[in-house]
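Please open the model in a viewer and keep the selection panel at hand.

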Amino acid sequence: MEIIESVYYFERRLQYNHKCGGVVMEDSVVQEKRSYKVLKDQRQYLKLIGSNIINRFGDSLDAIAFSWIVYEITQSASLMALIIAINYIPTMILQPIAGVIVDRIPKKRIMVLCDIGRGLVVLSVALLYMWDLITPLYLAITTVLNSTLEAFRVPAGLAIVPKLLDRDKYTVGTALNSTLGRICEIIGLASAGSIIALVKSYGALIIDAATFLLSALIISAIKIQEHKSEIKQNFESVKKGFVEGLHYLRSNHLLIIIIFLGMFMNFAMVPLNALSTAYVVDNLHSGPEMLSAIQLALVAGMALGSFITPKIDVLGRKKLFIGGGVIVSIIVSALWQIPNIPGIILRLAVMISLLVIMGIGVGVQNVIFSAAFMRHIDKDLMGRLGGITNAILVAAMPLGALLSSIAAKIAPVPVIFLISGVFSIILYFVMMRIRILKEL
């Protein structure tokens, strides 16, 4: 479950404490492992990691190719931000319901079908763009379709993990998954410019579609015993499951706090996600090679941050979480001045250096957030809680994207970055006073 990008994740047997309205803390139940060697016997989980890193490679190509296609078709930072806003709506509306449904049916089957579906959607965009038939409306429609499939894929992927990974390996398992995913993303971003130059943007999307299909094949090879629930899938059963998830969430004060903090953190980062392509084109006066380079720097930092988190965990999770957030926020604010740096080489060097540091902060935050979520959720409620949680986490993102769309019409993109960075810094200073975050 990753904030900044969006979030999701697990356990073997979490002990719920009904009397105090919370969970028995992980440190009092089991000593968590910190060496990556302990994962060698988690073979089915390693298969899941394999499918994830293949998806990461495809996503890294898509991040460059699709955003470039959208900006080329729309020729508007405002309209591009609007399409991104539309992307969040199915997640916000459908995922709480999808989470209840996937708790009752085989998760592996859902993951396979959703990956195949997403692959076909991406392939349709590639072919229509190649034939010069693509329109902004179709881009919006396919964005909604992909997000709808993800609304089921995410809680299914979340709910399957406790069946594949031992609880005392959550932090190190999450860190390995994130680190390897980032490394594969780095490879994809490093090669994205060359791939797009060689096979065009539509060719990169075709490769992305192929990674979805390969991911589905790997997931189908995971050995896991799942049985369809005897509970009939009707409106009343879905409603009951949803209400159970809300009751559990309401009784877990730490979970409530970190979810809403994640929501506001995502809100603060939306301008960077929505306007980065416009920033590269209009303010840095560069092309897809620059976009690839800066995303490569960010992902490299995230890989490093994910990798080192289990090693520096002893410093205190609250300190690491807030410290990482402050670093991220300061650098987002600093992007305001990057276009004023003289010389393209110096500008690129400063930009890459800052984004590597920013990525480290994001990587640390994501691992801490994901592991904390896994430790404090009952595995039998994982799907519905994952759906509800992710819906809340992205609830502010359509608003953030719409505000970015409006702001892009009246203010330069660097100024928008400055405002969002300052807003986020204030948020982290508020977090320092929240005592319960010591239990992260």
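Select helix α9 (residues 317-334) together with helix α10 (residues 344-375); in this predicted model, the two helices cross in a left-handed sense. Their axes come within 8 Å, at a crossing angle of roughly 145°. To display the contact, show on the α9 side Arg-317, Leu-320, Phe-321, Gly-324, Gly-325, Ile-327, Val-328, Ile-331, Val-332 and Ala-334. Their counterparts on α10 are Leu-354, Ile-357, Met-358, Gly-361, Val-362, Val-364, Gln-365, Ile-368, Phe-369 and Arg-375. Coloured by class, this contact of α9 with α10 shows 14 nonpolar, 4 polar and 2 charged residues.

Next, select helix α1 (residues 43-74) and helix α8 (residues 288-312). The axes of α1 and α8 lie 10 Å apart, and the packing angle is about 140°. That angle makes α1 oblique to α8. The crossing of these two helices is right-handed. From α1, display Ala-63, Ile-64, Ser-67 and Trp-68, which meet Pro-288, Leu-291, Ser-292 and Gln-295 of α8. The contact of α1 with α8 comprises 5 nonpolar and 3 polar residues, with no charged residue.

On the α1 side, select Leu-48, Asn-52, Asn-55, Phe-66, Val-70, Ile-73 and Thr-74. On the α4 side, the contact residues are Pro-136, Leu-139, Thr-143, Arg-153 and Ile-160. By class, the contact of α1 with α4 has 7 nonpolar, 4 polar and 1 charged residues.

Finally, turn to the aromatic rings, among which there are 2 aromatic pairs. Select Tyr-36 and Phe-307, which form a stacked pair with a centre-to-centre distance of 5.4 Å and 10° between the planes. Which parts does this pair tie together? Tyr-36 lies in the loop between β2 (22-23) and α1, whereas Phe-307 belongs to helix α8, so the pair joins parts that are 271 residues apart in sequence. Are the two partners buried or exposed? Tyr-36 has a relative accessibility of 17% and therefore counts as buried, the cut-off being under 20%. Phe-307, with a relative accessible area of 39%, is partly exposed.

Technical notes
Residues are numbered from 1 along each chain as its sequence is written. This is a predicted model: local features need pLDDT of at least 70, side-chain atom pairs count only at pLDDT 80 or more; totals for chains, interfaces and linings use all residues. Side-chain values use heavy atoms; hydrogens and water are left out. Axes are lines fitted to C-alpha atoms, for helices over the stretch in contact, and angles run from 0 to 180 degrees between N-to-C directions. Helices (H or I, at least four residues) and strands (E, at least two) are DSSP runs, numbered from the N terminus. Angles under 35 degrees count as roughly parallel, over 145 as roughly antiparallel, 65 to 115 as roughly perpendicular and the rest as oblique. A crossing is left-handed if the near helix is turned anticlockwise from the far one by less than a right angle, and right-handed if clockwise. Contact means heavy atoms within 4.5 Å. Ala, Val, Leu, Ile, Met, Phe, Trp, Tyr, Cys and Pro count as nonpolar, Asp, Glu, Lys and Arg as charged, and the others, Gly among them, as polar. Rings of Phe, Tyr and Trp (its six-membered ring) pair if their centres lie within 6.5 Å; planes under 30 degrees apart count as stacked, over 60 as edge-to-face and the rest as tilted. Buried means under 20% relative accessible area, exposed over 50%, partly exposed in between (1.4 Å probe, protein chains only).
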